[in-house]
Amino acid sequence: MNAPQRVGRRAALAAAVTAVVLLPATSAAAHVSVDRVEPRDDGTSAVTFVFDHGCDGAPTDAVQVTMPEGVEALAAVAPDGWTVDVTPDQVRWAGEPVADGEVTELTVDVRMVGTAGQSFVFPAVQECTSGDSYDWADTDGSGAHPAPMLVATSSMLSAPPAPAAPPSVPMGPLVAALAVASVGAGVGGGWAASRHRRRL
Ligand SMILES: [Cu+2]
């Protein structure tokens with residue numbers, strides 16, 4: 001038996017990575033889990049999921065991961081022989097069957113908005129050639145099918161969108177300014193109308 005091989009291809013997403021955050025070994029290489037998070041300079045992060053077994057021995061041919069609230073999928077890399085469909089809320093990888101026991105990486109670029117220390121849970125469905133599938137959706141981590149999750153550090157997080165700027169002019173003067181503007185428009189309109197009449 002060969003040692004498990006990493007077949008993921010992350011070179012395409014590896015540019016501008018500022019730090020790699022390794023997750024606790026308890027979650028790595030078991031079920032479908034988050035293996036690591038690589039924050040980038042632009043506030044996005046590359047999240048790499050990993051799985052190392054199929055469904056009761058059957059090869060894996062698809063994995064679908066749902067983004068939690070606050071996380072938007074931007075792009076993803078497919079392992080060799082697989083393709084990937086990305087929407088902001090969901091990423092689905094599928095392709096040639098991956099043998100049970102073979103370690104496979106699935107990397108997605110995300111924008112995460114939240115607070116440092118916040119847990120983000122990524123429910124995942126693993127599908128196998130046998131027709132079986134595993135729903136990795138337990139959110140408390142102690143169930144039989146724990147969902148992939150990560151705990152955000154500040155370097156992984158994007159700044160939230162700026163709130164709408166409050167009106168800088170107090171209401172009284174603003175109303176006065178609008179009144180002046182409309183009077184001006186009335187004057188201008190009257191002038192244009194009279195000019196038009198004169199031309200007739
Ligand atoms: Cu497992």
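Here are legends for a handful of close-up views of a predicted model.

**Figure 1. The whole protein, for orientation.** Follow the sequence and you get the pattern β-β-β-β-β-β-β-β-β-β-β-β-α. The protein has 200 residues, and 28% of them count as buried. Take the contacts with a separation of 6 or more, and 66% of them come from residues 24 or more positions apart.

**Figure 2. Strand 3, a mostly covered strand.** This view picks out residues 45–51, which make up strand 3. Seven of its seven residues are buried. In a regular strand, side chains alternate between the two faces of the sheet. Here, Ser45, Val47, Phe49 and Phe51 point one way, while Ala46, Thr48 and Val50 point the other way. Whichever way they point, all of these residues are buried.

**Figure 3. Strand 3 and its pairing with strands 2 and 8.** What does strand 3 pair with? Strand 2, residues 32–39, pairs with strand 3 in the antiparallel sense over seven bridges. To find your place in that pairing, look for Ser33, which stands opposite Val50 of strand 3. Strand 8, residues 104–112, also pairs with strand 3, again antiparallel and over seven bridges. A handy landmark there is Thr48, whose bridge partner in strand 8 is Thr107.

**Figure 4. The turn between strands 2 and 3.** Strand 2 and strand 3 form a hairpin with five residues between the strands. In this hairpin, Gly43 takes a positive phi near 90 degrees.

**Figure 5. Asp56, a residue with a positive phi.** Leave strand 3 and head toward strand 4 (60–66), and the loop between the two holds Asp56. Asp56 isn't a glycine, yet its phi is positive, at about 50 degrees. Is Asp56 buried or exposed? Asp56 counts as exposed, because it has 10 C-beta neighbours inside 10 Å, and 12 or fewer is the cut-off for that label.

**Figure 6. Strand 10, with one covered face and one uncovered face.** Strand 10 spans residues 124–128. Which residues sit on its covered face? Ala124, Gln126 and Cys128 do, whereas Val125 and Glu127 lie on the uncovered one.

Figure 7. Strand 4 pairs with strand 10 in the antiparallel sense, over five bridges.

**Figure 8. The turn between strands 10 and 11.** Strand 10 and strand 11 form a hairpin with four residues between the strands. Look for Gly131 in this hairpin, which takes a positive phi near 90 degrees.

Conventions
Residues are numbered from 1 along each chain as its sequence is written. This is a predicted model: local features need pLDDT of at least 70, side-chain atom pairs count only at pLDDT 80 or more; totals for chains, interfaces and linings use all residues. A residue is buried if 20 or more other C-beta atoms lie within 10 Å of its own, exposed if 12 or fewer, and partly exposed in between; C-beta atoms are placed from the backbone. Two strands pair if DSSP finds at least two bridges between them. Two residues are in contact if their C-beta atoms, placed from the backbone, lie within 7 Å.
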